[in-house]
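Trainee: I have not looked at this one before. Can you show it and take me through a few spots?
Mentor: Here it is.

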Amino acid sequence: MTDGPSADQWAAAVAAVRSTGPDDEIQLICHVNPDGDALGSMLGFGLGLRRLGFTRVRATFPGDFEVPTPYQRLPGVDLLVPEPDAFAGPRLVLVFDVASESRLGALAGRLAAAPASVVLDHHASNTGFGGVRLVDPHAAATSVVAEGLLSRLGVPLDAEIAECLYVALATDTGSFKFDMTTVSVHELAARLIATGLRPGEISRRTFDSKPFGAMKLTGEVIGRAVLEPAAAGGRGMVWTYATLADLERHGQPPYVLDTLIDPVRSVAEADVSVVVKQTAAGEWSVSLRSKGAVDVSGVAVSQGGGGHRLAAGFTGYGEPADVVDTVRRLLDSYLIR
Ligand code: AMP
Ligand code: MN
Ligand code: MN
């Protein structure tokens, strides 16, 4: 794993922002199907740009303009515009939580054409695109990097910025449970909470609230899970899948499946967990998790995806069983120990 941003990279990112005029167009972009870190780090930073006096700041992400319900009340959500309303030729582009350009869809062109750009990310698999690169694979969330740049720009944390960054941090650490939950993560969380946040209320809204139909859908999809004890060199794999028809039957949008990996990965008999979620005919978004036996980011990258060592994803094709066959075959090549 490489180190985080160098002093020169931080200085270049500060210079990129400072050399932008107050009325220049600034476009923020996060990854397709945005999660709490993508939206939270992007909107928190966008609010910081507003505090600095920038008047023309927009935030967007590629594809369907579907913001998961828990994030619709994030401060700064008024910065969000659908992809077609993004600035056509912004002076500065900032990219959040994006491991590879493919996660930017058609907006990758906006990044390539911008006179100045900054990439803020924390994926070990980051492919190295963009202008100034603030990529820290040791950071628990992209919001850690965003806070680093805000503080270097002299933006004080207020309750609105802090709520965005906190939601991002809580999302990517699994509510402060994952290995990346270091002393510095808790120190940042403390500074964020000190602005007046109410963590209980934020957690309830962000993680512990879902429609009845989403619960029924989850129950059905968990009910068809398969345990394969011999997979991953005998460390075990558990997998399940969900189709667009499942979503339709329960009247649910696709993002409700994003947290389904959590109950699946709690299965004690399996190191590896896999959730295969249909996105179109014969096309599936695949979530991979490991408890330490497999570098699932290796598996994902080999299939054109990306992620972190123990949490990764890619796009698969065919039937769910075909996708799982591919994963099962690859697991043995990426055993860690
Ligand atoms: P998910 O399973 O969707 O929660 O994603 C787990 C991790 O893998 C996240 O850090 C994602 O950014 C990353 N990831 C998921 N799908 C892809 C993909 N198709 N390409 C690159 N990275 C991905
Ligand atoms: Mn993300
Ligand atoms: Mn992230």
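Trainee: Which residues does S125 touch, leaving out those up to four places away in sequence?
Mentor: S125 touches A99, S297, V301, G306 and G307, where contact means heavy atoms within 4.5 Å. This is a predicted model, in which local features need pLDDT of at least 70 and side-chain atom pairs count only at pLDDT 80 or more, while totals for chains, interfaces and linings use all residues. Residues are numbered from 1 along each chain as its sequence is written, chains are lettered from A and ligands numbered from 1 in the order in which they are written, and side-chain values use heavy atoms, with hydrogens and water left out.

Trainee: Where is S125 in the chain?
Mentor: S125 is in the loop between β4 (116-121) and β5 (132-135). Strands here are DSSP runs of E, at least two residues, and helices are runs of H or I, at least four residues, numbered from the N terminus.

Trainee: Buried or exposed, and why?
Mentor: S125 is buried because its relative accessible area is 16%. Buried means under 20%, exposed over 50%, and partly exposed in between, with a 1.4 Å probe and protein chains only.

Trainee: New topic. What coordinates the manganese ion (ligand 2)?
Mentor: H31 through NE2, and D35 and D97 through OD, at 2.0 to 2.4 Å. Donors are N, O and S atoms within 2.8 Å of the metal (3.2 Å for Na, K and Ca), and water is not among the atoms, so sites may look incomplete. Along the chain these donors have the spacing H-x3-D-x61-D.

Trainee: Which ions does D97 bridge?
Mentor: D97 bridges the manganese ion (ligand 2) and the manganese ion (ligand 3), which are 3.8 Å apart.

Trainee: What about the backbone of N33?
Mentor: N33 has a positive phi of about 45 degrees, although it is not a glycine. N33 sits in the loop between β1 (26-30) and α2 (36-51), and counts as exposed at 55% relative accessibility.
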